Every structure is written in structure tokens, then in C-alpha cells.
Amino acid sequence: MKKLITIERHFAEEQKLHPQATGELTDLLYDVAFAAKLVRREVVRAGLADILGMAGTTNVQGEEVKKLDLFANEKIINAIGQHGRFALMGSEENEGTIIPPKNENGRYVLLFDPLDGSSNIDVNVSVGTIFSIYRLTGDDPRKADIKDCLQKGSEQVAAGYVIYGSSVMMVYTTGHGVHGFTYDPTIGEFLLSHENITIPARGKYYSINEGSRKQLHDSTLAFIGWLKEEDAETGRPYSTRYIGSLVADFHRNLLTGGVFVYPATKTHRNGKLRLMYEANPLAFICEQAGGRATDGKQRILDIDPSELHQRTPLYIGSRDDVMTAEAFEQGER
Ligand code: P6P
């Protein structure tokens, strides 16, 4: 019988890989896993409870917010913020930074998208929580401010996501590989199910919203055209897989190989996806799994952020597929 390793046990093992860790990283990750269990409980029964449907408000993105987004946001802030380990937080649902309920000893920053893909909630398509953890740039948590939230993705100490799908999984990295845990509701634990996830160098799927063809630049259309050509030697044509839920599309490509593209378009020069709590954490995971993540020109993790909610074009997934996409976007093909 395979060893049953809970995510908490794995966090403790990971801590030994961080000589400077004082156990705080383990505690942070434990808090995130705990919050994920609370969010999961509501997401999986959303159809039953009276929390389905529109909350009637709009978030900083100007998007209508469904009650589950609000719930997830509040749960994460309160469940994680109560232990005082985070000095500051940033969420897709909040315009400014969030000072947790307790933060006097916090030496870390948490940035998160509480429920990505929420437009899919009512149709029972997988949605996800994405998180990114940084160390404070200074020593005094009372002086923590927006500059602690605007660090390059390469400074992340941990990142991960929870996918609420046919099974609920939590995937994370602290810079020592990527590990996946599947939730067992009979014991209320995330159990190690995918150790050291690696993404194939080239996949067979591509994910892009071709409905916006008219808005796509010729370079992007040329890449899509290349993917659709018949060429057995390079495994083409690729198949389209586009769920419209970033975490679900990313997770499939991470496990099977493939490339996800949300590019700059004629109407959105920075694309749609958010750098700090969508692209950066997934880029950290993707690179740790042997993949690649760029904005079409530079590594996502090298982008010097200027705003908490700034957007970025995103090409992420199998290393060779992303490099091919970049060659087209840079006019080299
Ligand atoms: P489009 C969901 O709203 C989201 O933020 C991501 O989860 C998803 O990848 C993307 O937007 C889909 O955007 O423009 O293709 O509907």
C-alpha cells in the first residue's frame, strides 16, 4: 500500500530543505491548506446552499461578483489572517492591500485569487484558488506596505493553487519541485497523490480563446495556424482544450503537456490575466515542473511589477511549445 502522506506532513518535510526556515513557512502553508478546506466545503455544495448566484456587487475588476467569490475571499482573509503570520495580503477582490486581523509577527505577504474562473461556478465547471507567498522586504511588519506586494515573481518563497473539480487537489511548490495532493473527504485531509510533477517538454493541447480571433495579432494567428497544420513528425495538429477557467486549463496542461495562451490583443495590450496572483504563482509552479512561462518576450518571473492588479500577456506550459509561441510572437517564424 502506498504511503499516506498528508499535505501537512509534506510541508514539514519541505521545511528541512529550507535551512533558514524557522517553521514559519510550514505554518503559512498549513494555514493556506486549512483555508482551502473551508472554501472547498462551500464550493462543492454551492448548488445546494443559498450562496449560488450573483452577490449583486462588482469587484475592482468591474466584474459582477458571485457570492462564492465573496465567501472564498472572506474565508481566506479570516482563516489565514487570524494567526498573525502574514503582515499583509493582496486579493483580486480587494482594490487595496489587506491588513490581516492579526499581523504583529507577520514576516510574509500573501497574494491570492480566491476563486478564479468564478463565471463557471453555476455550470459546475472546475474553478480554483491561486496563491503566492513572499517574504517582507523589511523586518518590521508594521511598516509593511504595497512595495512588499510588488516584488518580482522570482522572489516568491511558495506558490500554489487549489482546483475544485471532479476531485479537489492542492498543488504547491516552495522551489523544490511541484507536488499535488488530492482531498479525501472521508478523513478531511489532502493526501500526496502527484509527487514531483514534471510537465512534458512538448504537449498535444493548446488553450486559447479563438472566439476573439478578430482581436488577435497576426503573430498569434500565425502560431495558432502552425499548431493546426498536419505534420506527424511534430505531433500536429494539436487539439484545442479551452475550459475558460485558468486553473483548470493550466492543471491539465501541467499533467499532460500543452500550452495556454492569453495574449496581448488589439483591444487589450496587456491581455486579461493578472500578474501578481495568477501569472506569477503559476509561472513559479510551471518552471519548477520544467516548463516555461513568458509574456511573449520575457520570463513572467522577471517582470518588475508596478501595480497590484496589473495584467500581463501569458504564454505558459510545455517548454518547447512556449518557445515556439515566442518565436512566432517575435517574428522569428
Ligand atoms: P475569456 C476567468 O474569468 C478567467 O479569469 C480565467 O480563469 C480564464 O482563463 C479567463 O478568464 C477566460 O477569459 O476571455 O477567454 O473568457
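**Notes on a methionine and its surroundings**

I began with Met 170 and listed its contacts, leaving aside neighbours within four places in sequence. Met 170 touches Ile 7, Phe 11, Val 32, Ala 33, Ala 36, Phe 131, Tyr 161, Val 162, His 179, Gly 180, Phe 181 and Phe 190. A reminder to myself: this is a predicted model.

Next I looked up the cores. The largest nonpolar core has 42 residues, and Met 170 is among the members that touch the most others, together with Leu 110, Leu 115, Phe 131 and Ile 133. Which helix gives the most to this core? I found that helix 2 (residues 24-43) does, with ten residues. Another core, of 41 residues, lies apart from it; Leu 111, Leu 136, Ala 289 and Leu 314 are among its residues.

Seven of them form an open sheet in the order 3-4-5-6-7-8-9, and the pairing is mixed. From one strand to the next, the twist averages 20°.

I zoomed in on one pair. Strand 7 (residues 168-173) runs antiparallel to strand 8 (residues 178-184), with five bridges between them. In strand 8, Val 178 is the residue opposite Thr 173.

Last, I checked what lies across the sheet. Helix 6 (residues 246-256) lies across strand 4 (108-116), strand 5 (127-135), strand 6 (158-164), strand 7, strand 8 and strand 9. I noted its angle to strand 6 as about 105°.

Conventions. Residues are numbered from 1 along each chain as its sequence is written. This is a predicted model: local features need pLDDT of at least 70, side-chain atom pairs count only at pLDDT 80 or more; totals for chains, interfaces and linings use all residues. Side-chain values use heavy atoms; hydrogens and water are left out. Two strands pair if DSSP finds at least two bridges between them. Helices (H or I, at least four residues) and strands (E, at least two) are DSSP runs, numbered from the N terminus. Axes are lines fitted to C-alpha atoms, for helices over the stretch in contact, and angles run from 0 to 180 degrees between N-to-C directions. Contact means heavy atoms within 4.5 Å. A nonpolar core is a set of buried Ala, Val, Leu, Ile, Met, Phe, Trp, Tyr and Cys residues joined through side-chain atoms within 4.5 Å. Buried means under 20% relative accessible area, exposed over 50%, partly exposed in between (1.4 Å probe, protein chains only).
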